[in-house]
Amino acid sequence: MKSLRQFLMICFSSFLLVGLSVATAQIPSEASAYKRQLRQQSHHIWGLEAPVSTFAAQIHQESGWHANARSRVGALGLSQFMPSTANWISEIYPDLATNAPTNPVWAMRALVRYDRFLYDRVTAVNQCERMAFALSAYNGGLGWVNKRKARSTDPLICLGKTCDINPGIAPANQRENTTYPRRILLRHEPMYVKAGWGKGSCK
């Protein structure tokens, strides 16, 4: 009986800690400097119905709003573009020709443009799932998204379905790619919607 009581106490304490971490999650102070510019870039490329809170949540996930962020694999800036992706997108879009991933304005515009490019190339049952596929492609590549869709019994649903399928990548990469759209759309996006950044994809 005593061991059961101790077990329940541990479980309850863990529950409280998890709840506390979610409740105290907040938008980094650095984000406020970019709010207006992100809205402008989003509306310019996606129109007035742009899911600004989705893009804010994505930058939150990618760099924590640190313009000089550099990952261990060489991704740069607010949007964590790899050099090869930055080179590609700077050749496709004249307004990104400067290829400056550590410049915040360039990084935000590139993220919004790349998301639009990917969003236009996936299909889903609704906007939330379609953006989830686009985000999965941003993180792991459009080719892997297409391979997952080809193997799926629910190819129009990403979250909890198609995006959980491993198309042949390393387990660690699969875990990251599966959780990436979930963290953005289900954890971070509601926080930005509530703070008045604009609409999201799933709310």
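Predicted model: local features only at pLDDT ≥ 70, side-chain atom pairs only at ≥ 80, totals over all residues.
Q: How many helices and strands does the protein chain have?
A: Eight helices and zero strands. Both are DSSP runs, numbered from the N terminus: helices are H or I with at least four residues, strands are E with at least two.

Q: How much of the chain is buried?
A: Of its 203 residues, 43% count as buried. Buried means under 20% relative accessible area, exposed means over 50%, and partly exposed is in between (1.4 Å probe, protein chains only).

Q: Let's take helix 6. What span should it have?
A: Helix 6 covers residues 127-140, and its 14 residues should span 20 Å at 1.5 Å a residue. The expected span is 1.5 Å times one less than the number of residues. The end C-alpha atoms are 20 Å apart, which agrees.

Q: Is helix 6 mostly covered or mostly open?
A: Mostly covered: 10 of its 14 residues are buried. Among them are Cys128, Met131, Phe133 and Tyr138.

Q: Which helices do those buried residues pack against?
A: They pack against helix 2 (35-46), helix 3 (52-63), helix 5 (104-119), helix 7 (142-151) and helix 8 (171-194). Contact here means heavy atoms within 4.5 Å.

Q: What happens at the ends of helix 6?
A: Asn126 caps the N-terminal end, with a side-chain oxygen 3.2 Å from the backbone nitrogen of Cys128. After the helix comes Gly141, whose phi is positive, near 110°.

Q: New topic. What is the volume of the largest pocket?
A: About 700 Å³. On a 1 Å grid over the protein atoms alone, a pocket is an open set of points where a 1.4 Å probe fits, with protein on both sides within 12 Å along at least five of seven lines. Grid points are joined across faces, edges and corners, and the volume is the space filled by probe spheres set on the points.

Q: Which residues line the largest pocket?
A: There are 24 of them, and Val73, Met82, Tyr138, Asn139 and Glu176 lie nearest its centre. A lining residue has an atom within 4 Å of a point.

Q: Which element gives the most to that lining?
A: Helix 8, with five residues.

Q: Where is Thr178, and is it buried or exposed?
A: Thr178 is in helix 8. Its relative accessibility is 9%, so Thr178 counts as buried. Thr178 touches Cys163 and Asp164, not counting residues up to four places away in sequence.

Q: And Gly160?
A: Gly160 is in the loop between helix 7 and helix 8. Gly160 counts as partly exposed because its relative accessibility is 42%. Gly160 and Thr178 are 18 residues apart along the chain, with their C-alpha atoms separated by 8.5 Å.

Q: Which residue other than glycine has phi near 70°?
A: Trp65, and that phi is positive. Trp65 is in the loop between helix 3 and helix 4 (83-92). With a relative accessible area of 1%, Trp65 is buried.

Methods:
Residues numbered from 1 in each chain as written. Heavy atoms only, no water. Polar contact = N/O pair within 3.5 Å; in protein donor to acceptor, adjacent residues only side chain to side chain.
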